[in-house]
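User: Hi, I have a new structure to look at. Can you walk me through it?

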Amino acid sequence: MAASSKRWLPLEANPDVMNQFVWGLGVPEDEVEFNDVYGLDDELLDMVPKPVLAVLFLFPYNDEAKEEIQSSGGQKEPSKQVYFLKQTVDNACGTIGVLHALGNATSKINLVEGSYFDRFFKSTSNMDPFERAAFLEADREMEDAHSVAASAGDTEANPNVEEHYICFTCVDGELYELDGVKSQPISHGPSSPTSLLKDAAEVIKAIIQKNPDSMNFNVMALSKKEI
């Protein structure tokens, strides 16, 4: 899913795997966690712990999805406040999704000072999306952490996956779709921290409707723990 000779093993769509991944790199365990979203109707969305800081969505990366990505130009200029990086490593979309989720919520998460994520976001804060991609591609610490997380799932990691992660988050009152293989963040209209999950669910429903014969979908929410 990227123009690079480097290829990582894919991350399993499993909150336990994602949580161990981010907690080990500087996200306080008592502050945030990933949770499964078991369905997209209001009743099931209401069961997801709130507040939700971001939504990760895994979907089939078929020819139709690739064509849509290639024709996704013409979007308005996104807010400068959106943290976005390009994907240049195959199968890194899970890690890119995590970085998008955390990078747009750093003001709401007290990252452990001096931790990997603390250093990564401080180092890349003033970079453009391509510079961030190059920084990540050369970062052996993240590559090793990703490898450990990819090996921690319940299913054997297969480098030839046909699924892709994207992230949804709310920045400056807008719902943004963050996909490292697209040219820029995609705005899906007005949103708010309280409506983020339901707003993202509407976009996700539309994507699922384009793949009615597939069961390869997964939704996870990054939730702030209430103390």
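Predicted model: local features only at pLDDT ≥ 70, side-chain atom pairs only at ≥ 80, totals over all residues.

User: How much of the chain is buried?
Analyst: Of its 227 residues, 54% count as buried.

User: OK, how many helices and strands are there?
Analyst: The chain has eight helices and six strands. From the N terminus on, they run α-β-α-β-α-α-α-α-α-β-β-β-α-β.

User: What order do the strands take in the sheet?
Analyst: The order is β1-β6-β2-β3-β4-β5. The sheet is open, and the pairing is antiparallel.

User: Which ones are the edge strands?
Analyst: Those are β1 (32–36) and β5 (186–190). Each pairs on one side only. From one strand to the next, the twist averages 20 degrees.

User: What holds paired strands together, in general?
Analyst: Strands of a sheet pair through backbone hydrogen bonds.

User: Over how many bridges do β3 and β4 pair?
Analyst: Five bridges, in the antiparallel sense. β3 covers residues 163–171, and β4 covers residues 174–178. Phe168 stands opposite Glu177 in β4.

User: Which strands does α4 touch?
Analyst: Helix α4 (residues 93–103) packs on the sheet and touches β1, β2, β3, β4 and β6. Its direction makes about 5 degrees with that of β3.

User: And where does α1 lie?
Analyst: Helix α1 (residues 15–23) lies across β1, β2, β3 and β6. It runs at about 165 degrees to β1.

User: Last one. What about contacts along the sequence?
Analyst: Take contacts between residues at least 6 apart in sequence: 75% of them join residues at least 24 apart.

How values were computed: Residues numbered from 1 in each chain as written. Heavy atoms only, no water. Pairing = 2+ DSSP bridges. Helix = DSSP H or I, 4+ residues; strand = E, 2+ residues; numbered from the N terminus. Axes fitted to C-alpha atoms, helices over the stretch in contact; angles between N-to-C directions. Contact = heavy atoms within 4.5 Å. Buried < 20%, exposed > 50% of the residue type's maximum accessible area, 1.4 Å probe, protein only.
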